[in-house]
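This briefing sets out selected structural features, grouped by topic. Please keep the sequence and the coordinates at hand while reading.

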Amino acid sequence: MSEDVVQIAQAWFKQKKWKPFPFQVKTWEAYLDGKSGLLNAPTGSGKTYALWIPCVLEFLRDNQPHEVKPEVRVLWITPLRALAKDIQSAMQNFCDDLDVRWNVGLRTGDTTTTERQKQKKSAPQALVITPESLHVLLSQSDYPNYLKNIKSIIVDEWHELIGTKRGVATELAISRIKKLTENKVKIWGISATIGNLPQAKRVLLGEDYYKQAVSIHSEVEKDISVESVLPEDIVDFPWAGHLGTKLLDKVVPIIKKSETTLLFTNTRSQTELWYQAVLKEAPDLAGVIAMHHGSMDQNIRGWVEDALHEGKLKCVVCTSSLDLGVDFRPVDTVIQIGGPKGVSRFQQRAGRSGHRPGEKSKIYFVPTHTLELIEGAALRDAVAAGKFEQRKPLEKCLDVLIQYLVTLAVSGGFRPLEILEEIKATYCYRLLTATDWNWALEFITTGGSTLGEYDEFAKVYNEDGIYKIINNRAAQRHKLSIGTIVGDPALSVKFMSGGHLGTVEESFVSKLNPGDTFWFAGQNLQFVMIKDMTVMVKKSKRKSGLTPQWGGGRLPLSSLLADQIRKKLELAKNGVFEAVELQAIKPILDLQSKWSIIPDTNTLLIEKVETEMGNHLFFYPFQGMFVHEVLASLIAYRMSKLQKITFSISMNDYGFELLSDQEIAIEEALELDLFSEENLMEDINESINKTEMAQRKFRDVATIAGLVFQGYPGKNINAKHLQANSGILFRVFQTYDEQNLLIKQSMDEVMTLQLEQSRLMEALRQINSQKIVLKETLKPTPFAFPILVSVLRRENLSSEQITDRLIKMQLQLEQSLNET
C-alpha cells in the first residue's frame, strides 16, 4: 500500500518535470514505515519535499482524499518567521495540486488574534509554528485535545536550534506531545551538515527514540563557488577598523550583472550602513534595492520577501534574518561582507543562491580589512573539504524547565511524576537529579527559601497532587513572557503621521535628544519624542545621522575556521602562496616576516614593542575573541603577581594585547610558566569579575524563569529597572540562598557559553605544546595593527582624531611596505 502512494509522489514530480533524488524516496519510505529520524541534506536539495510529501502520502494511504477532519496531524517547527511563510506556501501548493483538502496553518508571533481564533475553532491539518508559539499553544487549557491526533513532528533547520535554549524548549514540547497521542508519533529533523550529526539526532529525538531512529544523508553534492573580492592595491586597502565599503566600486558591478543578489552583513547596524552606501554609489538601484533584518516591521519584511519571490528586486541587504532555507529562486548571487566567523554559517548563506537541486551556488567574500583575506582563503578550502563546526547541546537549563512547568500549570495543571518521566527522556534533562527536580517544584510553588514571603513568586499551587495556577493575573503575565529570546527591551518606531517601521533597543534611544537624526529601515529619521513606549519620528532631509546599535552582534571566530587560518599562515611561512588571497597580501606577510615571524601551527608568537602609547605585548593564539578576552585577563593577572603593574587589554579574533605605561617583565614571566594549567580556575576567577558577569547573565536567566516581568504590550519596563530588579534578586540569592540553582546556572553559563571554558582549556593545552617565540620589534607589525585600532577606539577621542591617528599609522606601514 505504501508503494502505491509513493507512485502518487513520483507522478507529481514527473508532472513538474522533476525527478526525485534517491534520498527523498528513501525518506518517504522510512516515514511511511513508521520510522523517526534525522535528514541531512544541503541547502537547495529538496529537503522540504523529502519530509512533507510522506506526511500527505500517509493520509492518502489511510484515508480517502476528501475525508478531511479539522485536526492537526502534522506540526512543522521552524526557527524563523520568514522561513515559516515560505514553507507554508510550498506545503499548501502540494496539497492543492493533489486535490487533498488540507489547510496548512501558520502560527508565529506575527499571526493575528483573528487567525489564531480561527485555528482554534477549526484546526488546520498541518501547522507551521515557531518554538515560542508552540509553547504558547501548550499554555492553553485545551491543548491535549487540540494536539491528540498528531501523527508527526518535523523540526526544520534543526542545526540552528540545537545548542540554544530555543532548542531546549523544542525538546520539552516534543516530550509532552509524545504522550498525548494514542499511536507513536513520528519525530523527524531536517539539518544541514554539522560536525556532530549523531549527537544532534539524539538531542532532537530524545532518549526514548534515538536508538531506533534512522539517519538519512543526501547524496546530492552542492556545487558552491567561492570568490574573494580583491583590492587593486593592497597597500591602499584598510588594515583594520572598516566596514568593507572601500570595495564598493567592485561590489556594485557584481550586483548589477546578477539577476538578484543577497548581500549579507553580520549585524543589523552594518545592514543599515551598507544599504545607504550602495545607494550612494549606485543611485540607479533606487526602487530595486531593499533591506531586511529582524528589527524591521513584519509588514515591511513581508513585502521584501514577496518582492524577492517575484523577482522585483535587484539586491537585498540583509542579516541572518534571511540565512535559512527560504526559497528565493531569482537569487543567483550572494555577497558576504566581512568574515562570517564560521564555515557552517558561510555555507548556509552561500546556499541562498542557486536554491534549486542541481543549481550552482555563487558567493563572493568581501574582506573589511587586509588580514580578513586569509579568512576568505580558509573559508573556500573548508567548504571544499566539507568541514563543519559542531553545535554543542545545552544541558540542565533550569530556567527553561521552570518556565515550562509554569506553562503546564497555566494550561490546567500537571502531575509531577508523570512530567518528570517525560522530561528525563530529553537529552537536556536526562541527568536531572531528584534534588534538582524537587528544587524546581519548590521554586515555582513557594519562590524558594528566600522568596517564600512574597506572594507574587508563589505562582503554582498543589491541589490534590496537581500543580496548577489559579491566579488569572499570574497566568496572563506568564503567557506574555513565554520564550527564551532575551535582549534589551525594544521600542516601536512610528511616524508622527502614522506607519510602523520596526523596533530599536531602548539603550540606543536613551542617548537621543529631540531633533537628533538616525538611519533606520533605509530612511533618515528625526527623533521627536517617546510616547507610550513608542519612538515618534518624522522624515529628515539631512544626509547624516546615527545608526542604531543592537546587542548580540559579536561573533567569535569558530575553532574550525581558526585552525584553517593557521594552516594558511603556515603555508605562507613556507613560501606557498597558491591561494589568490595570499598572493594579494604577500607584501604584508613579507613585511610581517621581515619585522617578526609568521607563526606556524606549532608556534605561539609574542611580540614586544614600545610606542608613544606605552609598552605593548601582542600574543597571537588565533583562538577567537571570547577566548582571547579570558586569556588576556588571566595573563595580566599572573603578571601582576610578579610585578606591581597595571594593564589595559585589547583583543580581536587573531590575538590580544597587554598595554602598560611601564616596562613589562615578560621574559621572567615565561620562565615561571606563564601559561600553566595549575590553579587555572582560581586564577581565572581572580582575573575576571565573574560575579559581575554572572549577575548580567542572571538577568536573562531570571527573565526566562519568570522572576523578572518585562511588562505588558506597549508598556515595557525599561532596561535599567530590569537590571536593577534582577540585580537585587541576584544579591539576595547570593547572600541568603547559596544553593540557588539559577545562580549556579548563571555562573556555569558565564564559563561555558560566554567564556567558552572548554575551548579555553583546549587553547591552553595547545599553547603548552607549542614553541613560544618572543620577538622584540621596532614598530607594531601588520599582525598587531588591527588590535591597536581597538585601543584607539577605546580612548576618549573623536572620530576625526581616530581617523587621523589611523592614517598616520597606516602611512608608516605603507612606507615600510614600499621600501620592502
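How far is the sulfur of Cys55 from the closest cysteine sulfur? The separation is 9.5 Å, to the sulfur in Cys95, which is too far for a bond. The model is predicted: local features need pLDDT of at least 70 and side-chain atom pairs count only at pLDDT 80 or more, whereas totals for chains, interfaces and linings use all residues. Residues are numbered from 1 along each chain as its sequence is written, and side-chain values use heavy atoms, with hydrogens and water left out.

**Cysteines**

- The structure holds zero disulfides, a disulfide being a pair of cysteine sulfur atoms within 2.5 Å.
- Cys55 is buried, with a relative accessible area of 1%; buried means under 20% relative accessible area, computed with a 1.4 Å probe on protein chains only.
- Cys95 is also buried, at a relative accessible area of 0%.

- Seven strands form an open sheet in the order 3-4-2-5-6-1-7, with parallel pairing. Strands (E, at least two residues) and helices (H or I, at least four) are DSSP runs numbered from the N terminus, and two strands pair if DSSP finds at least two bridges between them.
- From one strand to the next, the twist averages 15°; angles run from 0 to 180 degrees between N-to-C directions, with axes fitted to C-alpha atoms, for helices over the stretch in contact.
- Strand 2 (residues 74-77) runs parallel to strand 4 (residues 126-129), and four bridges join them. Ile77 has Ile129 in strand 4 as its bridge partner.
- Helix 9 (residues 165-178) packs on this sheet and touches strand 2, strand 5 (152-155) and strand 6 (186-191), contact meaning heavy atoms within 4.5 Å. The direction of helix 9 makes about 170° with that of strand 5.

**Strand 20 and its partners**

- Strand 16 (residues 490-495) pairs with strand 20 in the parallel sense over four bridges, and Phe495 has Val537 as its bridge partner.
- Strand 19 (residues 523-531) pairs with strand 20 in the antiparallel sense over six bridges, with Leu525 opposite Lys539.

**Leu557**

- Leu557 lies in the loop between strand 20 (534-539) and helix 22 (559-573), and is buried at a relative accessible area of 0%.
- Residues touched by Leu557 include Lys341, Glu375, Tyr654 and Arg759.
- Leu557 and Met625 are 68 residues apart along the chain, yet their C-alpha atoms are separated by 6.8 Å.

Technical notes:
Buried means under 20% relative accessible area, exposed over 50%, partly exposed in between (1.4 Å probe, protein chains only). Lists of a residue's contacts leave out its neighbours within four places in sequence.
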